[in-house]
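I opened the model to look up helix packing, the chain contact and the domain layout. My notes follow in the order I took them.

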Amino acid sequence: MAIRVNPGFINDLNRFGKENIELCYQCGDCSAVCPHSDEFYKFPRKPIRLLQMGLEKKVETTLEPWLCYYCGDCSDLCPRDANPGDTMMILRRYLTSVYDWTGLSRKFYTSHWWEIGAVFVIGILIALLFSAFNPHGIVTTLTPDGGVKINEMFPVETVNIGAHIMLISIASFLIANIIRMWYLTLLKDRSVRIPFTLYFRKLYQLFVHFLTQKQFIKCKDRSYWIFHLLLMSAYVLMFVLIVGNLRWFQTDRIYSWYQPQRLLGYYSTLGLLAGLAFFSWGRIRKIGQKFKFSHLSDWIFIILLFLTTTSGILLHFFRLSGMPVASYYTYIIHMAVLVPMLCVEVPFSKWSHLAYRPFAIYFAEIKKSALPARKKNDA
Amino acid sequence: MIADKKASPRIGVYVCWCGTNIQKIVDVEDVAKFASGLPNVVLAKSYKYMCSNPGQEMIIQDIREHKLDRIVVAACSPNMHERTFRNALRSAGLNQYLFEMANIREQCSWVHTDHMEATEKAKALVSAALARVELHEPLENMSVDMCPNSLVIGGGISGMTAALELADSGFIVYLVEKDDHLGGNLARVDLTAPYLYSARDLITEKIIRIKDNRKVIVYLGSKVTELTGFIGNFKATIQSYDNRYNYPGRKVNVKVGNVVVATGYKEFDASRIVHYGYGKLPNVITSFELEKMIRNGSVETRDGRAPKYVAIVHCVGSRSKEFHSYCSRVCCMTALKYASEIKSAHPDCYISDIYVDMHAFGKGHEEFYRKSSEAKTLFLMYEKGDRPVIHKAGPKDDCEMLIEVNEKLSGEHIEIPADLVVLMVGMEAREDSGEIARLVNISQDKDGWFIESHPKLEPVATTTDGIFIAGTCVAPKDIPDSVAQARAAAARILARIAQGKIEVDAVYSEVNEEICSGCRFCNQLCPYSAIEFNEEKKCSHIISALCKSCGVCVAACPSSAIKGRHFTDQQILAQVEGLFTL
């Protein structure tokens, strides 16, 4: 059955980032130079071909864009300046919107107003919520060790309930999207028959790649791997501490600096700052192919994380210094940034790659292992 | 014969090493020693490069010192250096035809591995050359007058360019065009790739200049029906058959020195490929039909709608086993030109370019290809042997036709929507090219294109002196190449006109009129039409300037009345005998 070509597809794709995909004449230099491309997953050439021809249904099933770590060697080598590296990035955005069943992801990626608007609306709602529902208002008395009574202003039990509601909703959206990704890339692909046990046998890949991100090592410039790992670990740690374990993290008592609560917090803060400095400097100066093209979602990611980190640092400082008024407002600001960042970015936008990448590698490994089995059966 | 008159000829033999080309297989010293022992050989030498200046100088010195009157050089093929050594003989004051070459390179050292056998063969070849050269006669080259007028057949861009180039130098040109207007195939084109110059501008400028130039005499609606004579002295009969311009049946005889054949091409008949449905599907058109639409100002489907999808199919009739194996060279860029023209007429139209390979070889072509990609033309590749299939779309589709292709770059079996399909028909030799080849006595290759005398070094000359070929009658080519060839042909002719006279090789066949019985066998056999029949004397006569000395007439003559000069029976028999005297 012949698949219908859709020459208008490129125009749609360009809404996720403008790149001259039509310039590619399929020489394959990009795939040849790519350290991640192999005989089974040929990219960027092949996915670009599918884009050019507008074979949407085929594009939906590709895992290749997630296997790309955007070192940019392909774009450097491209004889037609078609920027295959950035095209993979655009494709990741597109796929994110395909996996998302709510359609919000597509809105956020293709409309500046939607993305910025969502962040603002959620931020303002959260600020109003925290201002309206605090039992004691600004508590000016201090704890015996001179800290601000943050738990009296914003009772941890109440906030924790909110945090868990948020956690569960973010997780359910993300999990639903991952299931959809699995459906599109593995289940729908009739060319491979996947034995059920393979999902268990390859499961370790998911964790290995999530925790180490070792695919970055294949790229020439390893600095990116180090900073990315630092940022990711700091971010995940902070997420676990704040959203998952608020009662342990938000205390009135001031622990000694060497206590795990503060040490872990400091590690995360430093990791976030170092990562942010690296990424924002790279993007501002457009260093290398990787940072040459920045989409709004890339900047929102950096800006929100930067605001969250700095407001967190300030809050920590004000609380320890016994400055209740400053702490009160900083807390609200911190939440008004943190919540929209997590709600918009994690399930629907840039941050979802945290989950999609390791899952893609996991699925790709399964697919690859399933193929020889299929061939054996055919024979 | 001279050899009989003189008691003993004095022969010098030179064995060339050709660097190591000959020397590493053939024992050159041994060959020279062997030669020096043969009768009438005054001296025999071997030298590293006989063709070099010192080598030639050695021959000249020896001729003078030792009073040599025959020379044999055992070296490469005479194709390579016969002229060189003949000139050396001339410099030494000896007739250039008292010379013979033994080919011990191409016919010996290059094709053998055994030293002993190769050396023996070289000796045999030298011995044969010696036997032959003894019978050589001194011959004189002929000089014939060069008529400064020229005939140009074909009024396309090549013919017009050649005609103007010749006429601008002040010589008369007869320009014969079969159609009722000048311009040829280029007159059917709108814009030209890759710079999008208007074809009309290119042609109009030439036509105006031709009309203003009194030296160009144009015959429209006319054909050259007869061409006799030889270089410098051709007689052409031009017959008009279009009564709008000339009286029908009117014949003109003109005298010309040289002829430029620039008869162009015709396009491939697209209905020969059934997959494409040309002639059956109304919106499958050829590139020339699209040109006509563009020139008329609107690109639309048969029922007058603006097309939403246009597909352009490359290599229609070209680069395939069933039709033509060659590439037609202009279609790729023309297809890109169409993409650009259609896009500017209908900016929202989707254009698919279905190709095999993109041949963007010329100046500005690669950039043009890139530009077309930037304009969002969708390029789809098909395998040469696996042609796309065009069929009518269903009632639910938003297009007229669907083109099924096994797309090579993605490996997917796809269908492409199309409202209008443009078939890039290739070039092929005109159906009357065989007639023209016979008329001017030149050869055609298997595809019907005229053959040049050397594909690289003589691209516009033919095997018949005075007949030049230019443009797309030689092979498919674009406008710059056609114009370059036309100017090259004109330059070759002008060089000859400037010389005033032309030297013709003394090697030709001649008829002994006293023996000739007038049977005319030879007249029909001569592949160069060099033999005419003298009705008064009732005997055949060979036009020496046309004769290539192939020897067909010599062999065929039942009365043995024809002698091939420099290839007499005695000379050849002596050579054969010489081979076996070892």
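I began with helix H7 (residues 157–168) and helix H8 (residues 199–212) of chain B, which pack at an angle of about 40° with axes 10 Å apart. Helices here are DSSP runs of H or I with at least four residues, strands are runs of E with at least two, and both are numbered from the N terminus. Axes are lines fitted to C-alpha atoms, for helices over the stretch in contact, and angles run from 0 to 180 degrees between N-to-C directions. H7(B) and H8(B) are therefore oblique to each other (under 35 degrees is roughly parallel, over 145 roughly antiparallel, 65 to 115 roughly perpendicular, the rest oblique). The crossing of H7(B) over H8(B) is left-handed; that is, the near helix is turned anticlockwise from the far one by less than a right angle, and clockwise would be right-handed.

I noted the provenance here: the model is predicted, local features need pLDDT of at least 70, side-chain atom pairs count only at pLDDT 80 or more, and totals for chains, interfaces and linings use all residues. Residues are numbered from 1 along each chain as its sequence is written, while chains are lettered from A and ligands numbered from 1 in the order in which they are written.

Next I listed the residues that meet. From H7(B) I found Ile157(B), Met160(B), Thr161(B), Ala163(B) and Leu164(B), and from H8(B) I found Leu202(B), Ile203(B), Lys206(B), Arg209(B) and Ile210(B). Contact means C-beta atoms, placed from the backbone, within 7 Å. By class I got 7 nonpolar, 1 polar and 2 charged residues. Nonpolar covers Ala, Val, Leu, Ile, Met, Phe, Trp, Tyr, Cys and Pro; charged covers Asp, Glu, Lys and Arg; polar covers the others, Gly among them.

I then followed H7(B) to helix H13 (residues 479–499) of chain B. Their axes come within 8 Å and cross at roughly 35°. This crossing is right-handed. On H7(B), the residues that meet H13(B) include Ile157(B), Thr161(B) and Leu166(B). On H13(B), Val483(B), Ala486(B) and Ile493(B) are among the partners. The contact has 10 nonpolar, 4 polar and 2 charged residues.

How many residues of chain B are in contact with chain A? I count 17 from chain B against 18 from chain A. On the chain B side, strand S22 (413–418) is one of the elements giving two or more residues. S22(B) has the largest share, 4 residues. I classed that side as 6 nonpolar, 4 polar and 7 charged residues.

I checked the strands at this contact. Strand S1 (residues 3–4) of chain A runs parallel to S22(B), joined by 2 bridges; pairing requires at least two DSSP bridges. Ile3(A) stands opposite Ile414(B), and Arg4(A) has Glu415(B) as its bridge partner. I traced the open sheet of 4 strands as S1(A)-S22(B)-S21(B)-S20(B), with mixed pairing. S1 of chain A and strand S20 (389–392) of chain B are the edge strands.

Last, I looked at domains, whose bounds come from an automatic or database domain assignment. Chain A has domain 1 (9–99) and domain 2 (104–371). Their C-alpha centres lie 27 Å apart. The contact takes 26 residues from domain 1 and 32 residues from domain 2 of chain A. In chain B, 62 Å separate the C-alpha centres of domain 1 and domain 3.

Key: Two residues are in contact if their C-beta atoms, placed from the backbone, lie within 7 Å.
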